[in-house]
Amino acid sequence: MMKQVPCFLPWLLLSLLVITEARFVVEKNSLSVTSPESIKGTHDSAIGNFGIPQYGGSMAGTVVYPKENQKSCKEFSDFSISYKSQPGALPTFLLVDRGDCFFALKVWNAQKAGASAVLVADNVDEPLITMDTPEEDVSSAKYIENITIPSALVTKSFGEKLKKATSGGDMVNLNLDWREAVPHPDDRVEYELWTNSNDECGVKCDMLMEFVKDFKGAAQILEKGGFTQFRPHYITWYCPHAFTLSRQCKSQCINKGRYCAPDPEQDFSSGYDGKDVVVENLRQLCVYKVANETGNPWVWWDYVTDFQIRCPMKEKKYNKDCAESVIKSLGIDSKKIDKCMGDPDADMDNLVLKEEQDAQVGKGTRGDVTILPTLVVNNRQYRGKLEKSAVLKALCSGFEESTEPAICLSTDMETNECLDNNGGCWQDKSANITACKDTFRGKVCVCPVVDGVRFKGDGYSHCEASGPGRCTINNGGCWHEERDGHAFSACVDKDSVKCECPPGFKGDGVKKCEDINECKEKKACQCPECSCKNTWGSYECSCSGDLLYMRDHDTCISKTGAQVRSAWAAVWLIMLSLGLAAAGAYLVYKYRLRQYMDSEIRAIMAQYMPLDSQPEVPNHVNDEHA
């Protein structure tokens, strides 16, 4: 059966609408030529959206234009060319031509050859554009994440001037300057991340998820210290009015076509729908909003990272139930979240998502946001690799000089995420045990090992002691109680049963064990002469008059009769003991006497005849030898 091909007409029209209305702003850095005199001066260049730009800094180098492989679409080692800087020499800025392959591949080949930076000369006369990574190209994902050198696009005319100078034998020296790439007006940096909850959208989504997990610790340190003001954003589109009743819009949109997202699998007939993504995006926005209202906006990072781990699409856990379990573990008010989200089926605007659509439109120096992910620092779109150290450098360049926090001056960071709400992990406060563990890259929720006893579970909502010795750790999670010096526990070391109320109690053994009233339930002390009194975990039984209670037989007997019987029992016991002693002595006597008589008889007989144990003594002489 052929897979159904989805109709993308609504999304095509929507894309065209975005393209025609969008206002793009190219983020630039300053490029200044110091020699030769013929081209000396300052020029603009467009920062590449990969690699690691040196935000807040500058770099000086010498321009080289290759004689072979001028578009850098092949490895320079194939041409036996190397651009590694020699000791004492300036770094090499490789100038290459645009065309025939991805921008990122050009830079990757140059980096492997030893270049310190790359300038790409445009091949058409046009305003500067931003060099971006290829869309959904899995084969290029590995080398893109390994690009660490900066790159920039220069205009065709300026590129021609650089080529002419290098071919004429001139040494072309220039500086790349990123110090003004990010405004730095004061001691606080404002930044925003345009993201998405969809974890099945390919290479860029994988990169985004990895960045959020890696950057969480640094982001929370900056936010808690009051150094930054962060806000997450989510891109949504609307369905054209003519298509609001179509199958595509109904499955991809909420609020009657007002807020939409593309199908995660690009297949309307299976898997999750775009509206599932919109709803989760809305939930994550409300998590930020509710947390911000309580003065803890950094909780957004905890929720998003935990949701990625616990509720992935590929495990079919991308749903409301899983999201609510994460919300509960982080101590967020779920009722406020629900109120913030509103009704996704209502034919009316959602104020939260309406604000997001308005924010997508560029203001001031920032262009429209149409690409995911997009990072904006002090109202300037960040260009470069979405990686922890690179982004942190960009944020730090946004502080006014001498106001940078300590994290910008040192790479040594301690997140201590487990100190805040136990990091959203499982914990047993009574036993002071937690599944939260701090690492350099942030906290993880893993069931612990305590005093040799291993806990098992998901680390977030459940951890349970298992194996031998589990009853020594908080009674194995079972019921226990102590009264008047008497303690009882329901923990038992059995494979099939873990918690079982002890004798004298009844209940589930986990949360509750109640005392059994043996007297009321007539389980003991039921003889006519018995008087029953219930105690905690047991009972007391007494008999009337001079009677004595026999617990094993649940009966009363006379104390006098008991004493007489006890006396006769003692007499008989003594007599029996004496009899046994006499019999034993008689047997010993008989044995000793028998041994003595045997030895005497053997001695007498030995005088007259040899015994088997003695050698024969000759008593005659042979006549022949006389």
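Helices (H or I, at least four residues) are DSSP runs numbered from the N terminus, as are strands (E, at least two). The model is predicted, so local features need pLDDT of at least 70 and side-chain atom pairs count only at pLDDT 80 or more, while totals for chains, interfaces and linings use all residues. Residues are numbered from 1 along each chain as its sequence is written, and side-chain values use heavy atoms, with hydrogens and water left out.

**Helix 9**
- Helix 9 spans residues 320-329, and its buried residues (under 20% relative accessible area, 1.4 Å probe, protein chains only) are C322, A323, V326, I327 and S329.
- Viewed down the helix axis, these residues fall within an arc of 165° and so line one face of helix 9; the arc is taken from the directions from the axis to the C-beta atoms.
- The face turned away from the buried side carries D321 and K328, which are exposed (over 50%).
- Helix 7 (274-293), helix 8 (299-310) and helix 10 (334-341) are among the elements covering the buried residues of helix 9.
- Just after helix 9, G331 has a positive phi of about 70°.

**Confidence**
- The average pLDDT (the predictor's confidence in each residue, from 0 to 100) is 82 for the protein, and 85% of the residues score at least 70.
- Over residues 616-626 the pLDDT is below 50, and this stretch has 0 contacts (heavy atoms within 4.5 Å) beyond near neighbours in sequence.
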